[in-house]
Amino acid sequence: MTENSSGGKTQLALDTKLNYARLAKHLVWMEKKGLVESIIDDNKINVSLTKTGRDFAEVISKIL
């Protein structure tokens with residue numbers, strides 16, 4: 001997600017090797033924390049990082 005501005009839930013599930021239901025639960029949690037936002041575009045739900053999410057990803061990538 002840090003490399004692309006947004007992505008669909010199905011593609012994210014494939015990229016992360018999580019099943020769709022588990023990914024959806026993680027995304028709900030992340031949205032409540034203000035790390036991601038869902039955007040509906042042409043009947044497709046895209047997920048993108050918020051500014052807070054990008055900052056958090058940057059900090060985590062430095063640790064790992």
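Is Asp 55 buried, partly exposed or exposed, and what is its relative accessible area? Asp 55 is partly exposed, at 36%. Here buried means under 20% relative accessible area, exposed means over 50%, and partly exposed is in between (1.4 Å probe, protein chains only).

This is a predicted model, in which local features need pLDDT of at least 70, side-chain atom pairs count only at pLDDT 80 or more, and totals for chains, interfaces and linings use all residues. Residues are numbered from 1 along each chain as its sequence is written, and side-chain values use heavy atoms, with hydrogens and water left out.

Side chains of opposite charge can pair when their charged atoms come close. A salt bridge is a side-chain nitrogen of Lys or Arg within 4 Å of a carboxyl oxygen of Asp or Glu. Searching the whole structure turns up two of them.

| Salt bridge | N to O distance |
|---|---|
| Lys 51 and Asp 55 | 3.1 Å |
| Glu 58 and Lys 62 | 3.6 Å |

Helices (H or I, at least four residues) and strands (E, at least two) are DSSP runs, numbered from the N terminus. Lys 51 and Asp 55 sit in helix H3, which spans residues 51–63. They are four residues apart, so about one helical turn separates them. Glu 58 and Lys 62 are also in H3 and four residues apart, so about one helical turn lies between them.

How exposed are the other partners? Lys 51 is exposed, at 53% relative accessibility. Glu 58 is partly exposed, at 44%. Lys 62 is exposed, at 66%.

Helix H1 covers residues 9–16. Which of its residues are buried? Lys 9, Leu 12 and Ala 13 are. These three cover an arc of only 100° around the axis, so they lie on the same side of H1. The arc is that of the directions from the helix axis to the C-beta atoms. Thr 10, Leu 14 and Asp 15 are exposed on the other side of H1.

What covers the buried residues of H1? The cover includes strand S1 (7–8), helix H2 (20–32) and strand S3 (44–49). After H1 comes Lys 17, with a positive phi near 60°.

Thr 50 lies in the loop between S3 and H3. Its relative accessibility is 16%, so Thr 50 counts as buried. Contact means heavy atoms within 4.5 Å. Leaving aside neighbours within four places in sequence, Thr 50 is in contact with Gly 34, Leu 35, Val 36 and Glu 37.
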